[in-house]
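Biologist: Please take me closely through a single part of this model. Start with the terms, then go piece by piece.

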Amino acid sequence: MRIGLVLNILDEEYQISLYRGIKRRAAELGIQIICFQEGNTEFRSDAFIGRLPQKDFFNLDGIILLTSVVIDSCTLNNKTDIQNIWGELPLVSVGQKIDGVPSLLIQTDDSMRDLVDHLVLTHKYRNFIYIGGSQTHQDAINREQLFKKLMEQYKSDYPDIDYIVLRGNFTEQSAVLAMEGFMKNNPGKIPDAVVCANDNMAIGVYKFLKINNTDSFGNVAVTGFDDIPQGRYSIPALTTVHQPLDKIGEEAVNIIFDYVQQKSVPLEKSIGSSVIYRESCGCTKTEVDINAVRESFSKVQSSYVLSEQMLRIVSHVGQDLNNDNREEELVSIIDYNTAMLGAQDFCILKFPLKLSQSEPLEDNSLFVRPVFVRCGGKTIKAFPLNSDGLIKLCDFYDFINQKYSCSTLVFKFLNAGNDYMGCLLYDAPDNSLPYIILLSVDIALAMNRIEVNEERRRYADFLESEVSNRTRELVDANNRRMKVEAEVLKISEIERQRFSNDLHDDICQRLAGISMLCRSYSSKDGSVGRPEMEELAALVSDTLQRTRQYAHNSYPVDLENLGLDASLSNLCNSFELQSGIKCDYEWDIAQSFVFDKMQKLNIFRIIQEALHNVMKHSQAQKVIVRCLMEGAHIVFRVVDDGIGIGEKGSSDFGIGLNSMQYRANQMDAAFKIFNAKPKGTCVEVVFEKAGNYGDMNE
């Protein structure tokens with residue numbers, strides 16, 4: 001049987017005593033206990049922290065909820081509230097009654113009445129201060145109401161009775177502040193007795209009285225509630241109400257044990273308390289008291305020495321963890337120092353991602369990564385992890401419990417503010433428990449600092465990688481630019497050479513032929529006839545036409561006069577006449593788009609080069625030139641039905657391709673060349689967003 005124990009935090013004697021009784025009885029019955037320290041967390045069904053002790057997380061069979069110490073437990077009023085958080089899981093409430101839920105209560109009304117009777121009737125005190133606890137805590141509310149009711153009843157017989165109610169939050173410091181406020185607001189008024197809602201606040205009143213050590217305050221009686229060891233060992237020993245906390249813890253285990261086995265259990269059961277009269281209320285020491293004082297003094301000395309040793313260990317750990325550690329160093333520090341605290345079982349588990357208190361877990365699965373694990377005093381490093389190096393929290397507990405018999409463990413979140421990095425699972429002697437709470441704060445801060453540093457390192461590595469990649473890209477881009485510039489120069493040289501060859505091989509030869517024909521005609525004795533002149537005129541006209549074509553190919557003057565549409569149409573007609581390849585031309589771009597001079601020239605040259613490649617390399621029967629709008633894009637596309645790229649190539653084709661790419665880059669346009677389907681080649685120029693390029697405006 002596995003039971004979850006939910007309390008506030010194991011840093012004070014009240015909860016430790018309850019835990020001690022629960023732990024002892026659970027061991028006798030063979031029950032596994034996981035003690036969840038919620039730390040004043042609000043219980044909500046949609047937050048993973050407030051509802052953590054679920055069956056799904058640890059395969060729990062039941063829950064013991066210490067409602068007497070869980071501050072916000074007053075919001076859990078009935079069985080429905082419980083089921084909204086933990087479903088049908090059997091639950092026993094300890095300290096406060098929850099309708100429909102088995103509740104173990106501590107009967108303190110009679111003890112409070114006996115204590116007040118003793119102060120009023122035996123010691124004849126008349127001026128009282130009552131320091132109550134938090135007004136969100138039902139026990140504090142009940143004790144305060146009962147005290148006021150008793151005072152009002154005594155007023156009918158003793159009209160000179162006077163009392164003032166102050167409030168703290170069950171801590172020593174809150175009682176000191178309450179007394180300081182009383183002095184400020186009631187100058188010169190000295191109480192006969194200060195009745196406190198718990199022993200911690202009574203000890204705080206002791207400290208206040210010692211700080212303000214005057215004759216006026218020398219005889220003020222002080223009483224507490226709970227009978228913690230510090231009250232017993234204080235001087236004078238504290239009169240208080242004794243609650244059998246160990247017995248209460250044992251009885252809580254008995255009830256949940258029967259409840260889980262579906263045996264009949266009472267919905268309400270009470271355990272009585274009793275007043276312990278000691279010297280602080282004004283009673284005279286007896287011989288028994290004197291012997292108890294001697295024993296108490298010895299225990300106080302021993303407790304002080306142990307406390308100093310524990311605090312020194314925690315302080316040293318905090319200083320060591322405050323450095324800029326890595327996880328390996330944290331493990332080494334914890335390994336050494338937790339052993340000195342007597343923690344034979346101590347596990348640090350890290351969540352793969354930081355969690356927030358308010359975020360739910362979608363599938364109720366909480367994965368962890370073991371950072372440090374000691375079981376039975378031995379460090380454990382091998383676990384059944386998944387491929388991500390993680391393990392479910394419940395599976396981890398099953399593993400260490402079955403293999404290393406860690407049947408009772410305390411659970412504590414590791415958080416920095418609202419960020420929860422992981423958790424602790426540990427077991428330690430009772431006197432070490434408060435110091436492990438202090439240690440957990442240092443561990444949480446160290447883990448958060450390590451995570452932040454790791455994120456910085458990863459980001460620095462990322463930036464370094466990005467700089468390296470960007471530098472490499474810039475070098476590659478510069479190399480490509482230099483290569484393109486070299487290609488452009490080569491293309492220019494080839495174009496000049498081709499133009500020179502065309503002039504020499506074509507125009508010059510034709511002019512030479514015309515010259516020879518003219519000399520031939522001039523050497524005739526007779527007159528030149530009409531046919532000869534017509535032949536000469538035809539040669540001159542053809543030469544003139546070819547000269548104009550070469551000039552047009554060198555720079556398309558029609559672009560300025562006719563525009564891009566007409567110029568491309570003429571180019572396609574000319575291509576069809578020269579190559580014999582059927583060429584279809586389509587223009588479907590709105591007139592509202594205006595291309596600047598550079599764009600028109602580059603588009604014309606790219607299509608011209610594409611058609612030149614079709615004529616020279618493609619073996620195509622047909623080519624289509626389309627200029628159109630596709631959404632927000634302007635697309636120029638040349639598609640042929642030839643053999644496609646990769647089947648045949650030449651250095652001229654490579655240079656032409658680089659030339660087209662270069663011109664597209666100048667326009668900030670995308671350029672692609674690829675095999676068309678079912679066959680052929682497609683050359684495509686795309687302006688991604690028409691309105692953002694050059695002078696193309698809608």
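Modeller: A crossing of two helices is left-handed if the near helix is turned anticlockwise from the far one by less than a right angle, and right-handed if clockwise. Helices (H or I, at least four residues) and strands (E, at least two) are DSSP runs, numbered from the N terminus.

The model is predicted, so local features need a pLDDT of at least 70 and side-chain atom pairs a pLDDT of 80 or more, while totals for chains, interfaces and linings use all residues. Residues are numbered from 1 along each chain as its sequence is written, and side-chain values use heavy atoms, leaving out hydrogens and water.

Confidence comes next. The protein chain averages a pLDDT (the predictor's confidence in each residue, from 0 to 100) of 84, and 87% of the residues score at least 70. Residues 648-652 fall below 50. Beyond near neighbours in sequence, that stretch has 6 contacts (heavy atoms within 4.5 Å) in the model. Residues 692-698 also have a pLDDT below 50, with 24 contacts beyond near neighbours in sequence.

Two strands pair if DSSP finds at least two bridges between them. Strand 6 (residues 127-132) runs parallel to strand 7, and 6 bridges join them. Phe-128 is opposite Tyr-163 of strand 7.

Axes are lines fitted to C-alpha atoms, for helices over the stretch in contact, and angles run from 0 to 180 degrees between N-to-C directions.

Helix 6 (residues 172-185) packs against helix 7 at about 50°, with axes 7 Å apart. That angle makes helix 6 oblique to helix 7. Angles under 35 degrees count as roughly parallel, over 145 as roughly antiparallel, 65 to 115 as roughly perpendicular and the rest as oblique. The crossing of helix 6 and helix 7 is right-handed. By class, the contact has 8 nonpolar, 3 polar and 3 charged residues. Ala, Val, Leu, Ile, Met, Phe, Trp, Tyr, Cys and Pro count as nonpolar, Asp, Glu, Lys and Arg as charged, and the others, Gly among them, as polar.

Helix 4 packs with helix 5 (residues 138-155) at about 40°, the axes 10 Å apart. This pair is therefore oblique, and its crossing is right-handed. On helix 4 the contact includes Met-112, Val-116 and Leu-121; on helix 5 it includes Leu-146, Phe-147 and Tyr-154. The contact of helix 4 with helix 5 divides into 9 nonpolar, no polar and 4 charged residues.

One backbone detail remains. Phe-170 sits in the loop between strand 7 and helix 6. Phe-170 is not a glycine, yet has a positive phi of about 75°. Most residues other than glycine have a negative phi.
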